[in-house]
Number of protein chains: 2
Amino acid sequence: MSTQLQYARKGKATREMRVAAREEPVNARQLGKLIAAGKAVLPANRKHEGLRPIAIGQGLRTKVNANIGSSPLHPSLKEELRKARTAVKYGADTVMDLSLGGNIDRIRKTIVKSISVPVGTVPLYQAFVGRDLREVSEDDMFNSIERHCNDGVDFITVHSGVTRKALPLVKKRHAGVVSRGGSLLLKWIAFTGQENPLYKNFDYILEIARQNDVTLSLGDGLRPGSLKDATDKAQLQELQLLGKLAKRAKPKNVQVMIEGPGHVPLHQIERNVRLQKRLCGNAPFYVLGPIVTDIAPGYDHITSAIGGALAAYHGANFLCYVTPAEHLGLPGIEDVKEGVIAARIAGHAADIAKGVKNAEKWDDEISFYRKKLNWKKVFDLAIDREKAITYRKKSMPKGKECTMCGKYCALKGL
Amino acid sequence: MSTQLQYARKGKATREMRVAAREEPVNARQLGKLIAAGKAVLPANRKHEGLRPIAIGQGLRTKVNANIGSSPLHPSLKEELRKARTAVKYGADTVMDLSLGGNIDRIRKTIVKSISVPVGTVPLYQAFVGRDLREVSEDDMFNSIERHCNDGVDFITVHSGVTRKALPLVKKRHAGVVSRGGSLLLKWIAFTGQENPLYKNFDYILEIARQNDVTLSLGDGLRPGSLKDATDKAQLQELQLLGKLAKRAKPKNVQVMIEGPGHVPLHQIERNVRLQKRLCGNAPFYVLGPIVTDIAPGYDHITSAIGGALAAYHGANFLCYVTPAEHLGLPGIEDVKEGVIAARIAGHAADIAKGVKNAEKWDDEISFYRKKLNWKKVFDLAIDREKAITYRKKSMPKGKECTMCGKYCALKGL
């Protein structure tokens, strides 16, 4: 069976492309061209029933991913399902299930079945969970990848860029390795003395991914975990490698995107994005944040909204949300909501700035009604209707104006 | 008596300059040079007893202002005093009292007496409050300015750039006028047919300000109130005028900064800052936000953190916070806190990016302890200690790791 990339390269617009193009400033044919060029991906596992496909890439609306997933300390399917649904309710375009605890298979299957947005996972985790590092075999890793792909997951992170070469580089770092996958693999490499199987046997991963048309997200296992490590040798060496791997995916008809940092000071963001685009043949860039300062645990949805907006403005295509709980604990439902909305704000602000067609229409409409003090319309258009209503209610307004200025409201009369 | 600017021009470092320089990457002499050149201001009313002076401007740490002030609908001195103290507690560098309700004189005097950071006001409001527009005279406006200056206010906003010329320009706008001061003056101009007294008699304002060494903040009465109005003719025409007025202040030994937008899409922020610097002889730029999208009432501390970080990176010097209550109602205590912290994050991220000396030290320190899972130190260094502690507590961790990854914590071992 053909993959989306295969169809795209033949110039055929699939049903998935047509659906995904509906909410984009391009049509299905144009989207197909972007996919064929490797500038966009359309993650759609053939086995994901009821999937509402979306596309990620150049010229398209910036997309937002929400990470959920059980912790070994709080392994609740019910809770994670609620988080996934909350994320979708508040506008996440995709959900990644990063479960580490409880019945991981059951959680993943239930989430794929229960939500209609593309689902991503990091199969590697499951190869390591519950096992001693020394017991994990190459087969465990590939079996896990195969299982996730067969369960209908639309995109998987594979940390194929983490190699033996990285070991001496990360030792020089201020904050070491902060990627879970990167850290597990480096420890495995250090222990076994073997090269990373996900790097060594990358072609095998491509083969598995192609079967159900799973999109690969090449993980940044060496992303910086502090401003001080940003754009360092370890990070750049991995990025270079990811660029090379990305180029091997296309002839195998597998779609690829690239994951990126992390912790990056404001002035290095543009450079990071341009570098990724150049090294990876303009493959979609999927960034985690980036957060622009390390000082604000409890507020990293804000530090990442700043970095995400700037990254997306300069060309990043996919923002992984960061919740207020980041660096402190597993996020709760409210954190998931706050994280999704902050990332959507960042993506939307960037879309306006980079001129994504019609992006500003939403703003122009809400500000039109705001000027008229038409609260009903303002609430209906607000990114979070309930919060806007709650705020106005609790301030106990007495007239049409808000309680900030009362009768001295600037909006009246001019 | 001499003003700070006068001393600076004579090459004399005052006690205020020495104190303000302590927390800056410059010494008192260098600060004096910046003040003499009009590139920095040191708002310090001679009558503000117990003031801990700070400076605002080029090469200095980005400062944050918190607006508080009673509404006609909620005129509580106690509440506003609590807000002022909350703002200072969470690190606001200055507080503006924008009271419109209750005993405005008493609120202002109490706040000046109660907090040690510089206090700003908009005297114009008081000339209009409780009066019919038709009754407000030029004298009312100047009397109000005089009263505020005599009460120890360190900086005042004067909307001297709003003139008759603006009337036809704002009529073409999507969201009209959103500055309270700008709107009051334009209505007054439209009704009386007279020119704006704060423009016409700007020299008189300089005279009053000089007496107690009050810094003028030239208000942007025509700032855009929607993305659609950003960087429009009304805004630019006013900015040009403010630049001319700023140049008249220096020979009168009065310090000046310039207020700026507002609602500005991401890609126009750099241009806005550069324009202000060029037109206003590099006078400090004091921006309200800017917010980078109109769609997020309830989250405008985030939309403004994005814009503020970018503005400060490109050269803005002073960020007026925006709280989550913006566009919805008078902020409460919790909103004040959230607003101050979001703006501080933006300013700090920008300071790192523009290379303010030692700015990144804070980040390097907290990430050092984060890597070591030394929670006590992380909490002590966090921008909001209490929130970080609360988050960790409520997640119910069982070991040294956090509940996100538990024993699979990436920070361990590499």
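Trainee: By class, how many nonpolar, polar and charged residues does the lining of the largest pocket have?

Mentor: The lining has 14 charged, 11 polar and 9 nonpolar residues. (Ala, Val, Leu, Ile, Met, Phe, Trp, Tyr, Cys and Pro count as nonpolar, Asp, Glu, Lys and Arg as charged, and the others, Gly among them, as polar.) This is a predicted model, in which local features need pLDDT of at least 70 and side-chain atom pairs count only at pLDDT 80 or more, while totals for chains, interfaces and linings use all residues. Residues are numbered from 1 along each chain as its sequence is written, chains are lettered from A and ligands numbered from 1 in the order in which they are written, and side-chain values use heavy atoms, with hydrogens and water left out.

The volume of the largest pocket is about 720 Å³. Of its 34 lining residues, A:Glu334, A:Asp335, A:Glu338, B:Tyr391 and B:Lys394 are the closest to the centre. (On a 1 Å grid over the protein atoms alone, a pocket is an open set of points where a 1.4 Å probe fits, with protein on both sides within 12 Å along at least five of seven lines; lining residues have an atom within 4 Å of a point. Points are joined across faces, edges and corners, and the volume is the space filled by probe spheres set on them.)

Both chains take part in the lining. At least two residues each come from α4 (77-89), α15 (333-353) and α18 (385-394) of chain A, and likewise from α15 (333-353) and α18 (385-394) of chain B. (Helices, H or I with at least four residues, and strands, E with at least two, are DSSP runs numbered from the N terminus.)

B:Tyr391 and B:Lys394 also form a pair of their own: B:Lys394 lies over the face of B:Tyr391, 4.1 Å from the ring centre. In chain A, the charged end of A:Lys394 sits over the ring of A:Tyr391, at 4.1 Å from its centre. (This needs NZ of Lys or CZ of Arg within 6 Å of the ring centre and within 35 degrees of the ring normal.)

Next come the pairs of rings. Two aromatic rings are described by the distance of their centres and the angle of their planes. Rings of Phe, Tyr and Trp (its six-membered ring) pair if their centres lie within 6.5 Å; planes under 30 degrees apart count as stacked, over 60 as edge-to-face and the rest as tilted. The count over all chains is 10 aromatic pairs. For A:Tyr286 and A:Phe318, the ring centres are 4.1 Å apart and the planes at 25 degrees, so this pair is stacked. A:Tyr286 belongs to strand β9 (residues 285-288) of chain A and A:Phe318 to strand β10 (residues 318-320) of chain A, so the pair ties together parts 32 residues apart in sequence. A:Tyr286 is buried, its relative accessible area being 3%, and A:Phe318 is buried as well, at 0%. (Buried means under 20% relative accessible area, exposed over 50%, partly exposed in between, with a 1.4 Å probe and protein chains only.)

In chain B, the rings of B:Tyr286 and B:Phe318 are stacked, because their centres are 4.1 Å apart and their planes at 25 degrees. Here B:Tyr286 is in strand β9 (residues 285-288) of chain B and B:Phe318 in strand β10 (residues 318-320) of chain B, so parts 32 residues apart in sequence are tied together. B:Tyr286 is buried at 4% relative accessible area, and B:Phe318 is buried at 0%. Back in chain A, ring pairs link A:Phe155, A:Tyr286 and A:Phe318 into a cluster.

Some single residues remain. A:Cys405, in the segment after α18 of chain A, is buried with a relative accessible area of 14%. Leaving out residues up to four places away in sequence, A:Cys405 touches B:Pro72, B:Leu100 and B:Arg180. (Contact means heavy atoms within 4.5 Å.) A:Asn253 is placed in the loop between α12 (233-249) and β8 (256-260) of chain A and is buried at 12%.

The peptide bond from B:Pro261 to B:Gly262 is cis, with omega near 5 degrees, and a cis bond with omega about -10 degrees joins B:Gly289 and B:Pro290. A:Leu373, a residue other than glycine, has a positive phi near 55 degrees and is buried at 10% relative accessibility. B:Asn358, not a glycine either, has a positive phi of about 70 degrees but is exposed at 53%.
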